[in-house]
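Here is a friendly tour of one protein model. Have a look at the sequence and the 3D view first, then follow the notes topic by topic.

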Amino acid sequence: MRSTLAALFTGLLFGAGLAISDMINPARVQAFLDIFGSWDPTLAIVMGAAVVASAVAYLVKRWMAHPVLADRFVVPESRRIDWQLLTGATIFGTGWGLVGLCPGPAISGLVLGMWQPWLFVAAMLAGMIVHKLSFKGVNQCR
C-alpha cells in the first residue's frame, strides 16, 4: 500500500511539474525544435533540471542498500546500442517532433479538456497493443 501511494504521489508530482513548466503544451515543445525560427529554450532548462535531479538520485542510491519502499533497485544494466534502441528512439523522436507530445505530457494533458492528448493517448495505446501482439512470446528483457 505504501508503494502504491508513493507511486501515486510521484506521478502527481511529475504531472504537476510538466504542467507548471508548460511541457504539456505541444507548441512549447515544437518551438524548442524550431531552431531556425522562434526558438524557445524552456525545454532545455526543464531537461537540464531533470538530469540534475537524476544525477543526485544516482549518487544517493550508492549509499543505500535498497530503496525505502522496495527490496532492490531496478536499474537497466545494458549499455548496448542496438537496432531496437535506435528504431524506438527514431520513432519516438519523430512522433514527438511532429505532434509536440510524448507519453508523460499527453497523459497529464488529458485533464485539460482538449482533444489532442486524447487522440495521442489512444494512438499510443493502439501502438502498445500492436507491439504486444507482434512480439507475443518474444522475451524483450535481457
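## Buried share and overall build

Of the 142 residues of the protein, 20% count as buried, where buried means under 20% relative accessible area, exposed means over 50%, and partly exposed is in between (1.4 Å probe, protein chains only). This is a predicted model, in which local features need pLDDT of at least 70, side-chain atom pairs count only at pLDDT 80 or more, and totals for chains, interfaces and linings use all residues. Residues are numbered from 1 along each chain as its sequence is written, and side-chain values use heavy atoms, with hydrogens and water left out.

**The whole protein**

- The protein has 6 helices and 0 strands; helices (H or I, at least four residues) and strands (E, at least two) are DSSP runs, numbered from the N terminus.
- Reading from the N terminus, the order of elements is α-α-α-α-α-α.
- Along the principal axes, the C-alpha atoms fill a box of roughly 50 × 35 × 30 Å.
- Take the contacts between residues at least 6 apart in sequence: 39% of them join residues at least 24 apart, and contact means heavy atoms within 4.5 Å.
- The protein has 10 positive and 6 negative charges, and their mean positions are 12 Å apart.
- For that charge count, Lys and Arg are positive and Asp and Glu are negative, while His and the chain ends are not counted; each charge is placed at NZ of Lys, CZ of Arg, CG of Asp or CD of Glu.

- Helix H1 covers residues 2–20, which is 19 residues, and reaches 27 Å from its first C-alpha to its last, close to the 27 Å expected at 1.5 Å a residue; the expected span is 1.5 Å times one less than the number of residues.
- Ser21 sits in the loop between H1 and helix H2 (26–33).
- Why does Ser21 count as buried? Ser21 counts as buried because its relative accessibility is 16%.
- A polar atom of the Ser21 side chain lies 3.3 Å from the backbone oxygen of Leu18.
- Beyond its neighbours within four places in sequence, Ser21 is in contact with Arg28, Thr42 and Val46.
- Asp22 lies in the loop between H1 and H2 too, and its phi is near 65°, a positive value in a residue other than glycine.
- With a relative accessible area of 24%, Asp22 is partly exposed.

**Helix H2**

- Asn25 caps the N-terminal end of H2, with a side-chain oxygen 3.0 Å from the backbone nitrogen of Ala27.
- Ala27 itself is found in helix H2 and is partly exposed, with a relative accessible area of 47%.
- Ala27 and Gly100 are 73 residues apart in sequence, and their C-alpha atoms are 6.6 Å apart in space.
- Which residues of H2 are buried? They are Pro26, Val29, Ala31 and Phe32.
- The buried residues of H2 pack against H3 and helix H4 (83–99).

**Helix H3**

- Thr42 is found in helix H3 (residues 42–62).
- The side chains of Thr42 and Asp40 are joined by a polar contact of 2.6 Å; a polar contact is a pair of N or O atoms within 3.5 Å, where within protein one must be able to donate a hydrogen and the other to accept it, and residues adjacent in sequence count only if both atoms are side-chain atoms.
- Leaving aside neighbours within four places in sequence, Thr42 is in contact with Ser21, Met23 and Arg28.
- Ala50 also has its place in helix H3, and Ala50 is partly exposed at a relative accessible area of 44%.

**Helix H6**

- Pro117 lies in helix H6 (residues 115–134).
- Is Pro117 buried or exposed? Pro117 counts as buried because its relative accessibility is 2%.
- Setting aside neighbours within four places in sequence, Pro117 is in contact with Leu101, Ala106, Gly109 and Leu110.
- Pro117 and Lys61 are 56 residues apart in sequence and 34 Å apart in space, C-alpha to C-alpha.
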